[in-house]
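Here is a short report on one protein chain. Keep the sequence and the 3D view open as you read.

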Amino acid sequence: MVLLVLLPGYTSCIRDELLPCPPLSIRFAVADKNYDNIAAIAALGLDTVRPAGLPFGSYVGTLYYQLQDCATGETVVLQRLHRVSGTDTLATCRDIPAELPFGRYVITIWGNLPDSLTAADTFDPASLRLHPEAIEGVDVYLAADTVDYDYDRADFTIGLHRVKGKLVVQARQLPDSVRWSDKTVDNISAGVTATFDYSGATEVYTERAWAQVDSVVSHTYLAPSAGGEPSAVEVHFYDDPARAEPVLTPRTAEVQLRRNEVAVVRYDYLRELGEFRVYVLVGEAWEEVHGMGLD
């Protein structure tokens with residue numbers, strides 16, 4: 001018979017007390033600080049590269065998020081729209097209950113939403129209409145992730161990604177009397193879910209006015225083109241703020257709008273001929289538009 005003897009100084013391998021649960025900590029980062037092709041756009045002087053080390057609020061000014069228990073669907077944290085302040089490069093998920101048990105949770109975060117959208121209790125964090133009323137809207141950010149919270153995993157950092165892209169329109173050498181325009185872009189994705197699934201199609205209408213300048217540049221936040229098909233850009237120029245009758249109408253251009261990318265259309269007015277040359281930026285090269293196609 002073998003006797004097991006515990007020598008002085010040795011202890012049992014079984015804990016007398018369990019350690020307290022490490023508190024769940026979730027922080028938010030900005031994954032898309034610049035557009036994917038911003039270097040090419042900045043080289044043309046049509047946009048600027050933003051520094052990477054700015055405070056979180058310099059990129060994403062407002063946050064709305066919820067944390068739900070995957071097993072029960074219960075919302076354990078709901079932070080309605082609030083402004084981001086401070087100089088930190090990360091934002092913190094606030095008001096996580098100290099007694100929150102280990103488990104699997106899903107968090108959904110929206111950034112840069114307007115007050116008007118989330119003020120009502122009917123706002124659904126699972127999906128968002130991107131261009132209601134056919135308007136441009138804002139530069140929306142989104143993240144959704146699953147958090148497996150246990151003894152070994154209690155600290156999480158989740159990156160927010162940009163939902164829309166941007167359309168830059170440049171017009172050069174316009175007549176001095178032409179200082180107003182409007183623009184319609186069709187086949188724009190109408191909605192997006194919290195898992196970045198785009199759906200539907202709509203069009204967006206914008207108006208611009210400017211002082212007498214040689215080159216006019218406008219920037220418009222637009223969701224990706226719907227269904228993988230290009231979007232048609234139709235622009236009219238006016239010499240009257242009422243925009244009753246266009247005086248110049250260049251040919252329609254087609255562009256492929258993508259998430260977190262900049263698309264560019266350029267209109268060069270040839271005064272001696274009284275007509276436009278229309279170009280679309282493809283990569284780092286200008287392609288001339290003939291009819292609805294590129295040359």
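How many helices and strands are there in the protein chain? There are three helices and 20 strands. Keep in mind that this is a predicted model.

## Overall shape

The protein chain has a radius of gyration of 26 Å. For 295 residues, the globule rule gives 19 Å. The value for this chain is well over that, so the chain is more spread out than a compact globule. Its C-alpha atoms fill a box of roughly 110 × 40 × 35 Å, taken along the principal axes.

Take the contacts with a separation of 6 or more: 70% of them join residues 24 or more positions apart.

## Surface and charge

Of the 295 residues, 42% count as buried. The accessible surface of the chain comes to about 15800 Å². Carbon and sulfur atoms account for 51% of that surface.

The chain carries 24 positive and 42 negative charges.

The largest nonpolar core has 38 residues. Leu 167, Leu 174, Phe 237 and Tyr 267 have the most contacts inside it. Several strands give two or more residues to this core, including β9 (165-172), β10 (180-188), β14 (215-222) and β15 (231-238). Strands β16 (253-255), β17 (262-270) and β18 (275-282) are also among them. The largest share, four residues, comes from β17.

Which residues does Leu 174 touch, not counting residues up to four places away in sequence? They are Trp 210, Val 216, Phe 237, Leu 248, Tyr 269, Arg 271 and Phe 276.

Look at Ser 231 in strand β15. Is Ser 231 buried or exposed? Ser 231 is buried, because its relative accessible area is 0%, and buried means under 20%. Leaving aside neighbours within four places in sequence, its contacts include Val 185, Asp 186, Asn 187 and Ile 188. Ala 253, Glu 254, Val 255 and Leu 257 are also among its contacts. Ser 231 and Ala 253 are 22 residues apart in sequence. In space, they are 8.3 Å apart, C-alpha to C-alpha.

Ala 263 is found in strand β17. Ala 263 is buried too, with a relative accessible area of 11%. Not counting residues up to four places away, Ala 263 touches Lys 166, Leu 167, Val 168, Val 255, Gln 256 and Leu 257. Now compare Ala 263 with Asn 37. They are 226 residues apart in sequence, yet 9.1 Å apart in space, C-alpha to C-alpha.

## Loops with a story

Gly 61 lies in the loop between α2 (56-59) and β2 (62-69). Gly 61 is buried, with a relative accessible area of 10%. Leaving aside neighbours within four places in sequence, Gly 61 is in contact with His 82, Arg 83, Val 84 and Asn 112. Gly 61 and Val 84 are 23 residues apart in sequence. Their C-alpha atoms are 5.4 Å apart in space.

Thr 89 is found in the loop between β3 (75-83) and β4 (91-92). Thr 89 counts as partly exposed, at 40% relative accessibility. Not counting residues up to four places away, Thr 89 touches Phe 28, Gly 53, Leu 54, Pro 55 and Phe 56. Thr 89 and Gly 53 are 36 residues apart along the chain, and their C-alpha atoms are separated by 6.9 Å.

## Positive phi angles

Most residues other than glycine have a negative phi. Asn 112 has a positive phi of about 70 degrees although it is not a glycine. Asn 112 lies in the loop between β5 (103-111) and α3 (115-118). Asn 112 is buried, with a relative accessible area of 16%.

What is the phi of Arg 243? The angle is positive, about 55 degrees, although Arg 243 is not a glycine. Arg 243 is found in the loop between β15 and β16. Arg 243 is buried, with a relative accessible area of 16%.

Note on methods
Residues numbered from 1 in each chain as written. Predicted model: local features only at pLDDT ≥ 70, side-chain atom pairs only at ≥ 80, totals over all residues. Heavy atoms only, no water. Rg over C-alpha atoms; globule rule 2.2 N^0.38 Å. Buried < 20%, exposed > 50% of the residue type's maximum accessible area, 1.4 Å probe, protein only. Contact = heavy atoms within 4.5 Å. Areas by Shrake-Rupley, 256 points an atom, 1.4 Å probe, with all protein chains shown as cover. Lys, Arg positive; Asp, Glu negative; His and termini not counted. Charge placed at Lys NZ, Arg CZ, Asp CG, Glu CD. Core = buried A, V, L, I, M, F, W, Y, C linked by side-chain atoms within 4.5 Å.
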